[in-house]
Amino acid sequence: MSPSEGFVFLQGISRKDSQVGALQAARRSGATLLLVAFGFSIFVNLLMLTGPLYMLQVYDRVLGSRSEETLVALSLLVGFLYGLMALLEFARGRVVARYAAQFQSKLDGLVFDASINAPSKPGEPPTSGLRDLETIQTTVASPVFLSFMDIPWSPIFIAGIFIFHPWLGWLAVAGGLLLLTITLLNQLLTYQKVQRAHGVSQGAQNMADQAHLASEVVRSQGMRAAVRTRWNERRTEALAERISSNDWTGSFTAFTKSFRLFLQSAMLGLGAYLVLQGQLTAGAMIAASILLGRALAPIEQALGQWATLQRARQSWHSLDALLAATPALLPPTPLPVPNAQMVVSGVSVFSELTKPPILRQVSLSVAPGQALGVVGKSGSGKSTLARTLVGLLPPAMGEVRLGGATLDQYDPDTLGLHIGYLPQSVKLLSGTVAENIARMGIDMDAAAVVDAAKRANAHEMILALPKGYDTYINGEHNILSGGQRQRIALARALYGDPVLLVLDEPNSALDSEGGDALNRTVKDFKERGKAVIVMTHRPLAISQCETLVILHNGAVLDTGPRDDVLGRQFKNANQINKVLKTQTSPPPAAE
């Protein structure tokens with residue numbers, strides 16, 4: 001089995017031609033390194049004959065001639081050859097390790113992007129593409145992968161045993177075939193068990209991760225014991241499945257090891273019988289036993305690491321499926337900065353979890369200098385519409401156009417510069433406040449960061465933090481309040497001077513002061529010739545909106561000028577209008 005065939009074993013059965021792509025290209029890119037490693041393997045395996053030949057010479061020549069000089073010369077030669085073998089073994093291990101590292105480095109960026117772009121389904125665990133890639137890299141860099149470079153020499157060593165005596169050769173063939181049969185049975189009988197154990201274990205780990213992310217809720221609501229019990233049930237099931245799979249693979253490994261030792265003893269026994277019959281020398285008997293051990297060693301090593309190989313194979317298939325589900329697309333032709341005109345025409349979005357569509361034939365539009373409010377109860381589809389407007393959810397029907405072009409005509413990163421998005425659930429990444437506002441850009445424009453914070457009316461709030469803009473935020477575990485996180489996220493949405501703002505429940509965590517700051521931000525944004533779309537169920541958030549859309553069960557119930565829609569849809573429209581006029585009136589001048 002060649003090194004390339006060994007990697008095919010990790011890959012498993014060949015996949016559909018349409019899926020052949022990045023994984024295969026990354027595997028082939030280091031073919032030269034594999035050839036170099038295989039070249040080292042040739043000399044390593046030739047040098048493995050040192051032991052049998054040394055024993056043959058000692059028993060048949062040194063002991064017969066009783067020559068100490070010959071023994072010393074042979075021993076010095078053997079020491080040199082074993083030292084050379086150690087050097088070559090180290091070299092091929094380093095080469096294979098670098099091949100594995102090169103394989104991972106070529107796919108790291110692609111898998112990272114695929115993990116982010118992978119379509120997520122509610123109830124399913126997050127993608128594990130990067131862990132799968134690391135599993136493959138670790139397996140390839142491990143000694144078990146080198147065993148695939150040694151397996152092609154097993155028939156050669158067995159053929160060498162035939163030179164000593166045919167009976168010994170046929171005994172080696174029978175033992176090798178039996179070990180090969182055990183390998184195939186191991187694959188057939190344990191693959192499903194190992195796969196099931198891995199799935200259950202991953203489910204338990206996902207639950208633990210979710211409990212960690214929701215640790216404040218778990219502790220504050222007295223859920224710790226209940227969550228721990230449910231997690232422990234899954235953990236216990238995972239341990240039971242893993243023990244079952246380990247029992248099966250362990251039984252094959254134990255039998256293989258014991259059988260190999262028995263086979264070597266049988267080789268000695270048969271060799272001793274042939275020596276008594278005068279058909280074999282004592283040196284040949286010992287050499288044949290050593291050769292048999294060398295022939296069967298890589299097979300035994302592969303069986304001993306069978307669980308590792310199966311995990312790597314499963315990771316390959318998972319990674320393959322991830323990359324197939326998120327194919328790399330050619331970058332679209334760059335377009336100029338669009339104007340702040342968004343038109344939504346007959347958009348429908350479906351979900352596998354719900355029979356009726358989440359959005360049904362939604363149409364709306366917003367022009368430069370305008371703000372559009374989308375109002376509806378919880379579950380009416382506002383957040384789904386927001387995600388559709390920023391390109392996160394492709395519509396099943398209809399289209400969304402920005403500046404006359406559909407969203408798929410823009411590169412995703414470029415589209416993110418044109419549309420500022422404030423999601424309902426604010427997520428901040430590990431980094432400073434400034435880095436979060438700058439969207440984690442490497443070449444951060446400090447002036448643009450401060451300008452975005454000022455336009456979000458968050459500058460003074462940020463300066464009040466312990467280190468101001470350099471205050472470190474540890475992801476979701478930080479000292480910021482919900483309102484502070486929301487205002488920082490609003491500044492992030494404004495960074496880079498986008499032409500359109502999509503705000504999903506922007507004042508859900510804001511106090512009255514924060515709400516006033518939000519309204520000033522929207523007003524300033526409109527005055528700059530930009531457009532704003534606000535998803536909300538709070539009247540105060542639509543004080544700067546000229547047009548309203550009422551969303552109900554995923555469909556547009558009413559649309560038109562704000563005051564007209566309020567009058568038709570709300571019994572307390574007069575009270576709402578009074579509040580809105582209070583919000584839009586300028587503050588009294590300071591005396």
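The side chains of R528 and D497 meet in a salt bridge, at 3.2 Å from N to O; the term denotes a side-chain nitrogen of Lys or Arg within 4 Å of a carboxyl oxygen of Asp or Glu. This pair links distant parts of the chain, 31 residues apart: R528 lies in the loop between α20 and β10 (531-536), and D497 in the loop between α19 (482-494) and β9. Helices (H or I, at least four residues) and strands (E, at least two) are DSSP runs, numbered from the N terminus. R528 is partly exposed at 39% relative accessibility, and D497 is likewise partly exposed at 38%. Buried means under 20% relative accessible area, exposed over 50%, and partly exposed in between, with a 1.4 Å probe and protein chains only.

The model is predicted: local features need pLDDT of at least 70 and side-chain atom pairs count only at pLDDT 80 or more, whereas totals for chains, interfaces and linings use all residues. Residues are numbered from 1 along each chain as its sequence is written, and side-chain values use heavy atoms, with hydrogens and water left out.

Across the whole structure, a search finds 10 salt bridges. One of them joins the side chains of K382 and E505, at 3.9 Å from N to O. K382 belongs to helix α14 (residues 382-389) and E505 to the loop between β9 (500-504) and α20 (512-527), so the pair ties together parts that are 123 residues apart in sequence. K382 is buried, with a relative accessible area of 6%, and E505 is buried as well, at 3%.

A further salt bridge is formed by the side chains of D451 and R455, at 3.1 Å from N to O. These two residues are 4 apart in helix α17 (residues 446-455), and therefore about one helical turn separates them. D451 is partly exposed, with a relative accessible area of 37%, while R455 counts as buried at 10%. Elsewhere, E89, R92 and D150 are linked in a network of salt bridges.

The buried residues of α6 are G129, D132, L133, I136, Q137, T139 and V140. Seen down the helix axis, these buried residues fall within an arc of 165°, so they line one face of α6. The arc is that of the directions from the helix axis to the C-beta atoms.
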